[in-house]
Amino acid sequence: MKRKSFSLDPTKRDTFWTFIIGFTIHWTYYVSLTQTGVQKYLTLPTLKDCNNAVKIFVVVMDSITVICVLLGFLIYSQYANCDPLLNGKIQKHEQLVPYYIMEIAGNLPGVVSLTLTGLLCASLSTISSSLNSISGVIYKDFVTKFIKSEISEKTAGYILRFIVVIGGIVLLSIAFIIELLGDIFPLVMSVTAVVDGPVLGLFASGFLIPKMNAKGAFGGAILSGIIQAMIIIISKIYLFNKAIVTIHKPLLIDGCDNQTIWRNSSLISLNHTSHDLTTGSKPFFIFRLSHHYQCLFGAIVMIIIGLIISHFTKRNNLPVDKMLFSPVIHRFLSETSTAEQGTVANINGDAKQGVQLKRELGLFSAINLILAVMIGSGIFVSPASALEHSGSVGMCLIVWTLCGIISLLGALAFAELGTVIPRSGAEYAYYMDAFGPLHKFWGHLPSFIYSWIMIVIIKPAEVAVIILTFSEYLCQPLLDLMCIQAESEEVKKAVKTVALLALGIITYINVSSVKLYVKVQNIFGGFKVFACLIVIFGGIYEIIKGNTDNLNRGFQGTKYTPKSIALAFYSGLWAYDGWSAVTVITEEIKRPEVNIPRSIMISVPIVTGLYVFMNMAYMTALSIPEMINSPAVAVTFGERVLGPMAFLIPLGVALATFGCALSIQFGVTRVCYAAGQDGLMIKSLSFVHYERLTPSFAVVSQGILSLLFIVAGDIVELIEFVSFLIWIFYGLAFVSLLVLRRTMRDAHRPYKVPTWICIFVLLIAIYLSVTPIVTDPTPKYLFALAFILLGVLVYYWFVYKKRTPELFMRKFTRFIQILFAAVPPDNPHTT
């Protein structure tokens with residue numbers, strides 16, 4: 001994907017951000033404010049039905065959008081070297097999809113007719129719905145005002161039909177005019193923005209800005225519409241005079257059998273190599289603004305002008321119904337000291353009910369959480385690293401088994417910590433309680449560095465990589481079915497698009513409610529284990545068939561050098577990472593003193609059994625060199641063993657990675673929550689949505705960081721040379737356990753591990769922290785050190801010295817609370 005495709009320049013015509021921002025604003029207006037949408041809402045009996053209708057609409061439209069994007073990639077890849085427009089096969093852009101269908105499915109009886117009929121019916125349905133809405137508005141707001149006598153239902157029907165006919169004739173005439181003016185879509189977006197922008201600003205002002213009075217709203221809407229119209233007219237004049245040149249992707253005919261070009265100047269002018277808007281004399285940037293932003297621009301202009309007029313005119317003195325405003329600003333409708341400080345507290349009486357994280361996860365959900373984080377894509381894609389370093393089948397299976405036991409011991413040490421320190425945040429909370437009281441400066445530094453690295457780099461980058469893996473394996477069966485090369489540039493763009501959509505879905509789930517997360521995670525956890533069992537039963541089938549040659553090799557070729565054994569265990573223990581996941585969300589676990597140890601004792605052995613038996617299954621069908629050299633071991637195994645059911649493996653990897661990314665994001669937001677409570681991160685990260693009871697701002701901020709990592713491209717190496725710090729943090733947690741046994745020796749401990757276990761896993765943590773540096777002493781680890789030093793400086797200035805821009809932070813906090821309807825939790829743990 002080209003770098004300029006992600007340009008933030010608003011004058012670029014078609015970029016990632018113009019589509020994301022522009023279409024979000026466009027569909028927000030369409031769903032919320034158009035007459036077509038409002039009339040349909042009025043037909044529903046309750047507000048709940050309206051909300052459900054919107055949710056269904058969003059899911060369906062997102063699905064259709066993804067299908068359209070994928071269709072666009074397919075068509076472009078199909079005609080990249082032989083464009084039918086230049087070759088004279090079609091005469092207009094709008095004929096491209098029907099032409100593609102006729103060429104691909106022309107030999108299938110009825111497919112072309114059915115598709116074209118569907119397109120026609122969809123168009124007619126949209127036109128019919130719009131005409132009915134327009135006729136209803138005209139009749140109700142205009143006709144009935146001029147006819148004083150009562151109108152019978154029959155007469156009203158005739159009048160409505162007459163309006164529809166006149167409207168259809170007008171629309172048909174406009175269609176002919178628009179067709180002569182060039183590209184239809186940009187023109188339609190620009191023209192409709194003359195009305196859409198001011199109307200969107202008008203309604204947004206009405207329910208979000210109490211200071212906007214009637215004169216300001218009316219004047220802002222009228223002036224905004226006039227300004228929008230003038231800008232669009234002038235920009236079209238610039239476009240007509242070639243002062244603004246619309247540049248498209250290249251249209252080639254090199255691959256055509258018959259290179260007879262339909263000579264048309266308007267087509268030849270399209271044969272360029274970019275999507276951007278470039279200019280010769282560079283008109284003012286407002287006139288070069290992308291048509292995707294014009295609706296948003298109109299809304300912003302309307303609000304600014306309206307506020308200015310409202311400031312200089314008399315405010316409304318009439319009482320206004322509080323319910324006409326959005327619930328997120330109800331608290332600000334009266335001038336109070338709390339509102340002046342930017343605090344939205346106790347919304348709708350929630351102080352009586354308690355605004356805080358709720359204990360929603362039982363034992364089964366806690367087990368599923370650990371399984372979700374531990375079982376990612378590694379066991380399916382690259383489990384052969386331990387085999388490569390151990391050298392033999394027997395030693396490899398021993399390594400996997402011992403790594404599972406070591407992980408269980410480390411998890412049990414965390415179980416004790418989780419029952420003694422019943423706070424969310426895992427290592428962060430343990431450092432605070434163990435080291436915080438020891439020194440004013442150094443005591444809180446470990447907690448800050450942990451949250452700094454996890455929140456800013458490691459966890460959002462992990463989510464980005466896992467989501468990209470999910471997208472690749474979700475798309476792989478479809479690409480194979482359509483015989484499309486996965487290495488093409490168009491496919492890579494499609495994979496990133498699906499990844500961004502999936503990231504949006506997991507962020508929405510984690511924002512919505514913990515109950516929704518639990519339901520989704522339980523479902524995906526079940527599918528994930530089922531995918532592992534498919535591999536295991538495939539191996540059992542191969543053993544029954546007698547394919548045991550690889551297993552019978554036993555310990556042949558075992559590497560006994562200390563370096564090889566160390567690297568084998570290093571690879572295995574990394575695959576088991578995630579066993580501490582349940583302690584990150586301690587405050588949301590029911591009966592944590594019981595369910596945390598139980599969930600660890602159940603889930604880690606399950607993962608150990610699955611990992612060992614899956615490796616045995618791989619070895620029944622694949623030799624050691626085949627496993628080491630395979631880019632995706634489970635996929636290779638499936639192709640050899642499962643036959644036509646091989647698609648289940650990529651699907652299983654997709655399910656595993658989606659659930660893993662969902663749970664990792666869920667967990668890291670609780671670190672944000674705990675750090676925000678203690679003031680080591682910005683306070684608003686700990687704020688909870690007053691109804692959903694989720695740390696909504698923390699979730700959205702993590703989604704944005706992951707999005708930036710996805711857009712950035714290859715970040716695997718970034719994770720590799722920073723993630724070795726994870727085991728340093730594990731080791732520090734085991735040290736904190738020993739410290740707490742001295743400083744909190746009288747604390748109630750429902751569960752306690754032997755001291756030798758704590759010391760043993762501490763030594764393992766030190767070993768895993770040192771091994772990558774010793775075996776691969778490259779300068780890349782200096783980046784991790786530099787990032788830590790930067791964190792120390794941030795901690796010293798903003799946390800220890802408390803030199804923060806107070807006015808800005810108050811306004812920022814107020815903005816976050818209004819935007820996310822979030823409030824500080826009622827039971828903050830402050831230091």
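Mentor: One term before we start: helices here are DSSP runs of H or I with at least four residues, numbered from the N terminus. Also keep in mind that this is a predicted model.

Trainee: Got it. How many cavities of 30 Å³ or more does a search of the whole structure find?
Mentor: Two. Let's take the second largest cavity, with about 40 Å³ of space.

Trainee: Okay, which residues line the second largest cavity?
Mentor: I406, S407, G410, L573, W579, W727, F734, V761 and I764. Two or more lining residues come from each of α16 (393-420), α28 (725-743) and α29 (755-775).

Trainee: And which element gives the most to that lining?
Mentor: That's α16, with three residues.

Trainee: What's the lining like by class?
Mentor: Seven nonpolar residues, two polar and no charged ones.

Trainee: Switching topic: how many aromatic pairs does the structure hold?
Mentor: There are 28. Take F414 and F734: their ring centres are 5.7 Å apart and the planes sit at 90 degrees, so this pair is edge-to-face.

Trainee: Are F414 and F734 buried or exposed?
Mentor: Both are buried.

Trainee: Which residues form an aromatic cluster?
Mentor: F441, W442, F448, W452, F787, Y795, Y796 and Y800 form one.

Trainee: Last one: what lies over the face of F666?
Mentor: R670 does, at 3.9 Å from the ring centre.

Note on methods: Residues are numbered from 1 along each chain as its sequence is written. This is a predicted model: local features need pLDDT of at least 70, side-chain atom pairs count only at pLDDT 80 or more; totals for chains, interfaces and linings use all residues. Side-chain values use heavy atoms; hydrogens and water are left out. On a 1 Å grid over the protein atoms alone, a cavity is a set of points where a 1.4 Å probe fits but cannot get out, and a pocket is an open set with protein on both sides within 12 Å along at least five of seven lines; lining residues have an atom within 4 Å of a point. Grid points are joined across faces, edges and corners, and a volume is the space filled by probe spheres set on the points. Ala, Val, Leu, Ile, Met, Phe, Trp, Tyr, Cys and Pro count as nonpolar, Asp, Glu, Lys and Arg as charged, and the others, Gly among them, as polar. Rings of Phe, Tyr and Trp (its six-membered ring) pair if their centres lie within 6.5 Å; planes under 30 degrees apart count as stacked, over 60 as edge-to-face and the rest as tilted. Buried means under 20% relative accessible area, exposed over 50%, partly exposed in between (1.4 Å probe, protein chains only). A charge sits over a ring if NZ of Lys or CZ of Arg is within 6 Å of the ring centre and within 35 degrees of the ring normal.
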